[in-house]
Amino acid sequence: MAKIYIDNAKYMEFVSDIAHMMVEQSFNIEDIWNDGVYHDEAQEYFNDKYDEVETMLNKTLNIHSNNELSNKN
């Protein structure tokens, strides 16, 4: 199957949105935020989930950021 490349901003927005939903499902809402940024534990969880979602997109659906194309040049 050929790789599908999408705009990097849309790719990152999608992955971030899914990872954020996973954070919201795993933490109490008051335990997520500290002055508009994630608490350390929530940020670490978000980072892990971001990586998992990105890996699923890449390996399962063969969808990649077009940023990969510019990094090859």
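The model described here is predicted.

The crossing of H1 past H2 is right-handed. On the H1 side, the residues that meet H2 include Tyr11, Phe14, Val15, Ile18, His20 and Val23. On the H2 side, the residues that meet H1 include Tyr45, Phe46, Lys49, Tyr50, Val53, Glu54 and Leu57. Sorted by class, this contact holds 14 nonpolar, 4 polar and 2 charged residues.

| Residue | Location | Relative accessible area |
|---|---|---|
| Asn62 | loop between H2 and strand S4 | 14% |
| His64 | strand S4 | 6% |
| Tyr38 | strand S3 | 12% |

Asn62 lies in the loop that joins H2 to strand S4 (63-65). Asn62 counts as buried because its relative accessible area of 14% is under 20%. The side chain of Asn62 reaches the backbone oxygen of Met1 at 3.0 Å. Leaving aside neighbours within four places in sequence, Asn62 is in contact with Met1, Ala2, Lys3, Ile4 and Leu57. Leu57 is also one of the H2 residues that meet H1.

His64 is part of strand S4. With a relative accessibility of 6%, His64 is buried. Apart from neighbours within four places in sequence, His64 has contacts with Lys3, Ile4, Tyr5, Ile6, Tyr11 and Asn58. Of these partners, Tyr11 in H1 and Asn58 in H2 are among the residues through which the two helices meet. Lys3 and Ile4 are contacts of Asn62 and also of His64.

Tyr38 sits in strand S3 (residues 37-38). Its relative accessible area is 12%, so Tyr38 is buried. The side chain of Tyr38 makes a polar contact of 2.4 Å with the side chain of His20. Leaving aside neighbours within four places in sequence, the residues in contact with Tyr38 are His20, Val23, Ile32, Trp33, Gln43 and Phe46. His20 and Val23 belong to the H1 side of the helix contact, and Phe46 belongs to the H2 side. From Tyr38 to Ala9 the separation is 29 residues in sequence and 21 Å in space, C-alpha to C-alpha.

Conventions. Residues numbered from 1 in each chain as written. Predicted model: local features only at pLDDT ≥ 70, side-chain atom pairs only at ≥ 80, totals over all residues. Heavy atoms only, no water. Left-handed = near helix turned anticlockwise from the far one by under 90°. Helix = DSSP H or I, 4+ residues; strand = E, 2+ residues; numbered from the N terminus. Contact = heavy atoms within 4.5 Å. Nonpolar A, V, L, I, M, F, W, Y, C, P; charged D, E, K, R; others polar. Buried < 20%, exposed > 50% of the residue type's maximum accessible area, 1.4 Å probe, protein only. Polar contact = N/O pair within 3.5 Å; in protein donor to acceptor, adjacent residues only side chain to side chain.
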